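Here's a quick tour of one chain, written for someone who likes to know the cut-offs behind the words. Have the viewer open as you read.

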Amino acid sequence: MNKRPIKIIMDTIEKLSLNLNGKTVLTEVGTGNYLYTPIIPAIAGAKRVYAVAKNTKYGNAEETINKCRIILNELNLNQVEFFIDTVPSAELGNVEIITNSGNLRPINENILKFCSSKVVIPLMFEAWEFREEDLDIKYCKQNAIKVAGTWENHPDIKVFDYCGLLAMKMVFDANFEISGNSILVWSNDHFGEIISKKFEEERASVILSNDIEVFYNNLHELDFLFICDYDESRIYFGNEGIFEIERIKKINPDIVFIHLFGNIDLDFCNNNKINISPLINGSANVMTHTLGYVGLIPILRLQVAGYKVAENLIKNNYSTLTQIL
């Protein structure tokens with residue numbers, strides 16, 4: 001067993017004083033860093049943890065479960081029960097915490113109607129990043145189910161700052177240096193602010209904007225555009241896209257578009273010789289790479305903090321970490 005993830009988890013549990021003694025948790029077990037999602041509450045003292053696995057493009061459900069079981073056995077933890085695809089409704093009445101995790105979504109009446117009204121739901125990210133397609137917030141409010149986001153840059157975790165490092169890694173992947181580059185960060189939110197600041201610290205010439213005229217006025221000198229506008233739902237390239245392909249090619253055919261967020265159709269870009277990085281499709285409101293692409297610390301700290309938000313909701317302790325919806 002790799003002891004480093006467990007050390008990060010235990011250090012963060014101690015720093016945040018996370019205590020889930022006696023609690024029953026419904027969460028997921030995923031691949032990579034998300035293998036530890038059910039392990040965290042078990043370490044924090046939960047009485048029972050239901051962990052849902054699914055077959056995805058990232059891995060096989062049975063294999064994922066087996067990997068998690070090995071770690072749990074080495075830690076002498078036996079309170080995690082695994083399910084594939086869904087948890088039987090009979091078990092849901094005991095659940096006190098439901099994490100807003102990918103394998104559980106959408107979290108709606110189909111799940112919540114079997115739960116106690118005392119169940120709480122931590123989003124595991126900031127409240128302003130909430131997506132209605134993930135969680136039926138109307139049903140939650142009608143049934144007094146508490147939901148809250150996590151302040152990602154709380155002084156005890158400082159997770160959101162890792163977005164700057166994530167952006168840097170994505171830029172390096174695209175074969176740019178940052179230092180000495182002319183960059184437009186396409187955003188008008190906190191992602192753009194953090195990433196622009198990081199690029200400026202690395203001595204780049206940076207413009208932060210999601211104004212199309214600002215883009216075209218500076219296009220001739222840009223090395224790349226970094227797309228990180230969380231709320232933008234329109235497509236970036238296509239018949240009704242934000243950017244005009246022919247206009248871009250006339251002014252600066254070598255510009256590269258690096259996308260952290262946004263509707264990006266890779267096949268369309270390849271067919272139209274648009275320089276895209278990474279070479280994968282992009283979606284609105286979904287990170288092309290999560291903070292786990294940087295390393296273990298940001299994801300594990302954020303998950304521990306999310307569980308602390310759940311504990312706070314149960315105890316009606318609305319600290320600065322907890323962002324009530």
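A crossing of two helices is called left-handed if the near helix is turned anticlockwise from the far one by less than a right angle, and right-handed if clockwise. Helices here are DSSP runs of H or I with at least four residues, strands are runs of E with at least two, and both are numbered from the N terminus. With that in hand, α1 passes α12 in a right-handed crossing.

Before going further, some bookkeeping: this is a predicted model, so local features need pLDDT of at least 70 and side-chain atom pairs count only at pLDDT 80 or more, while totals for chains, interfaces and linings use all residues. Residues are numbered from 1 along each chain as its sequence is written, and side-chain values use heavy atoms, with hydrogens and water left out.

**The helix pair**

Back to α1 (residues 3-16) and α12 (residues 296-315): their axes come within 9 Å and cross at roughly 40°. Those axes are lines fitted to C-alpha atoms over the stretch in contact, and angles run from 0 to 180 degrees between N-to-C directions. Under 35 degrees counts as roughly parallel, over 145 as roughly antiparallel, 65 to 115 as roughly perpendicular and the rest as oblique, so α1 and α12 are oblique to each other. On the α1 side, the contact (heavy atoms within 4.5 Å) uses Arg4, Pro5, Ile8, Ile9, Thr12, Ile13 and Leu16. From α12 come Leu296, Ile297, Leu300, Arg301, Val304, Ala305 and Lys308. Sorted by type, the residues of this contact are 10 nonpolar, one polar and three charged. For that sorting, Ala, Val, Leu, Ile, Met, Phe, Trp, Tyr, Cys and Pro are nonpolar, Asp, Glu, Lys and Arg are charged, and the others, Gly among them, are polar.

**The whole chain**

Zooming out, the protein chain has 12 helices and 12 strands. Its radius of gyration is 21 Å, close to the 20 Å that the globule rule gives for 325 residues, so the chain is as compact as a globular protein of that length. The radius is taken over C-alpha atoms, and the rule is 2.2 Å times the number of residues to the power 0.38. Along its principal axes, the C-alpha trace spans about 65 × 40 × 40 Å. Buried residues (under 20% relative accessible area; exposed is over 50%, partly exposed in between, with a 1.4 Å probe and protein chains only) make up 54% of the 325. Of the contacts with a separation of 6 or more, 70% are between residues 24 or more positions apart.

Most residues other than glycine have a negative phi, and most peptide bonds are trans.

| Site | Backbone value | Loop |
|---|---|---|
| Arginine 105 to proline 106 | cis, omega about -5° | proline 106: between β4 (97-98) and α5 (109-112) |
| Serine 277 to proline 278 | cis, omega near -5° | proline 278: between β11 (275-277) and α12 |
| Serine 17 | phi about 55° | between α1 and β1 (24-28) |
| Alanine 144 | phi about 55° | between α6 (137-142) and β6 (146-150) |

Serine 17 is partly exposed at 48% relative accessibility, and alanine 144 is exposed at 55%.

Two of these sites have neighbours worth a click. Pro278 is touched by histidine 289, which also meets Leu166, Met170 and Leu260, leaving aside residues up to four places away in sequence. Histidine 289 is buried at 17%. Ala144, along with Asn143 and Ile145, is touched by serine 117 under that exclusion of residues up to four places away. Serine 117 sits in the loop between α5 and β5 (120-122) and is partly exposed at 45%.
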